[in-house]
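Dear colleague,

Please find the structure we discussed below. My notes on a pocket and on a pair of helices follow it.

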Amino acid sequence: MIKGLAALPMAIMAATAISTSAHAASTFVYCSEGSPEGFNPAFYTSGTTFDASSKNMFNRLFEFKLGTTQTEPGLAESYEVTPDGLEYTFNLRKGVKFHSSKDFKPTRDFNADDVIFSFARQWDANHPFHKVSGGSYEYFTGMGMDSLIKDIVKVDDYTVKFVLNNPEAPFIANLAMDFASIFSAEQADVLMKKGMPEQIDINPVATGPFQKVQYQKDSLIRYTAFEDYWKGKPEIDRLVFSITPDASVRYAKLKAGECHMIPYPNPADLEQMKADEDINLMSQEGLNVGYLAFNTQKPPFDDVRVRQALNLATNKDAIINSVFQGAGKAAKNPIPPTMWSYNNKVVDYNYDPVKAKQLLKEAGYENGFSTNIWAMPVQRPYNPNARRMAEVMQEDWSKVGVEAEIVSYEWGEYLNRSKKGEHETVLLGWTGDNGDPDNFLYVLLGCDAVGGSNRAQWCDTEFNDLLVKAKQDSNVANRTKYYEEAQMVFKREAPWITVAHSIVYEPVRKEVKNFIIDPLGGHYFSGVSLTK
């Protein structure tokens, strides 16, 4: 039973009727860090959005076994792949039910039509739903899935075949990612006939453990447990996301018993959390990287000497001390050191303002220049305080004559504007989605991702060719060599300042049982239970 119920916002109290009896329905309150951009994970790359949608509402053909980066069967019970790696045949699970809503009642179970709809919508430009709600499939195109897939074939109601144009080593792991969440083709057909197809992206039905029943932007999301969930009904009856952007306010709510769990605590609060007998402070080294991306298509950042100079002008040790306060370590590569193929031989840029000035002079900027630093409005596992990080960089850069204005927007707008390349430099970061280096290197820095998740807008032929070779080779030793070489190219060309890898902390109240930290950064609640 959660304490301090009287302090809960009235909207949440009214929406959830939180239990005061051990025998009554249980409600779990998660004080989330921001509002989701939407409820179709295929459109976005934000963990905030994935937590609110794909992690708790949807299923995929394959899932990541919780607490690991290993895949296990999801909506596909098994699969076969041809020796040439070009055809994958998936045998689908039978008896899987869809949620229902006040506007849609499913008449059939999950089948092959739902798989084909969910992928064909993203893949086929002529699909009737391709352009619905804007039709921007950032992950799908950023990973090159649109050119990878040659055909998707319905063999029968419970068998689907994917035909590829070339081998793709991380293909199964990719199908376990959020963009591959399975929607109801039947709901899509009903909504299209009603002339309101965009509703599938606002109020989708899915097959996951929880179904969304209410959303108030910047306030709350309310879910109920899905009684017919194919893995069994969740332990908790109701799930509430109480949207609380400020980390200090989240912590106050946690201490007061107004929520059971919070993400992304302030590093300065960790010691106090450790000493609180009502709080279990869980932690794990994160599979993440925080970075500043230069928009390499805008002068002066189209000049590698300028990018190298600002790498040299940035005191990362000062950032680690003031922003992470012991909960992070300096990053030199765009993948974390816990990931296979990490190249430890890469030499990072030391803090050297004198050399930075020399490079700026060589590039024609002896007197410096003016620019901006975009700083995120929310805390993320790879950056607990983007504003403070930007301020440290701003001060460092001013010492070499570069004057930077700090800019920020609401989180969804921030992501959308930076995707379009409106920034000159932008603070962002990444938590791995599938445990494969491709998910960092190709998704964030590949040529296919320019205009999407590649916020550096950087397309380097030498770098990209190495990534493509690695994608198409199933031999891990060969892939490792390609990725190691690619990291050397990345560091030389400096499209980013790689800032930090962080430890992830998850504070939960002592009455919360069975929460498991996801190394891929998600927050899953289907297995969580509450004690009195």
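The residues that line the largest pocket comprise nine nonpolar, six polar and two charged. Here Ala, Val, Leu, Ile, Met, Phe, Trp, Tyr, Cys and Pro count as nonpolar, Asp, Glu, Lys and Arg as charged, and the others, Gly among them, as polar.

This is a predicted model, in which local features need pLDDT of at least 70 and side-chain atom pairs pLDDT 80 or more, while totals for chains, interfaces and linings use all residues. Residues are numbered from 1 along each chain as its sequence is written, and side-chain values use heavy atoms, without hydrogens and water.

The volume of the largest pocket is about 390 Å³. Of its 17 lining residues, Thr69, Ala173, Trp340, Asn434 and Asp436 are the closest to the centre. (A pocket is an open set of points on a 1 Å grid where a 1.4 Å probe fits, with protein on both sides within 12 Å along at least five of seven lines; lining residues have an atom within 4 Å of a point.) Helix α6 gives the most to this lining, with three residues.

The axes of α15 (residues 438-445) and α16 (residues 461-471) come within 11 Å and cross at roughly 140 degrees. Asp438, Leu441, Tyr442 and Leu445 of α15 meet Phe463, Asn464, Leu467, Val468 and Lys471 of α16, contact being heavy atoms within 4.5 Å. Six of these residues are nonpolar, one is polar and two are charged.

Yours sincerely

Terms used:
Points joined across faces, edges and corners; volume = space filled by probe spheres on them. Helix = DSSP H or I, 4+ residues; strand = E, 2+ residues; numbered from the N terminus. Axes fitted to C-alpha atoms, helices over the stretch in contact; angles between N-to-C directions.
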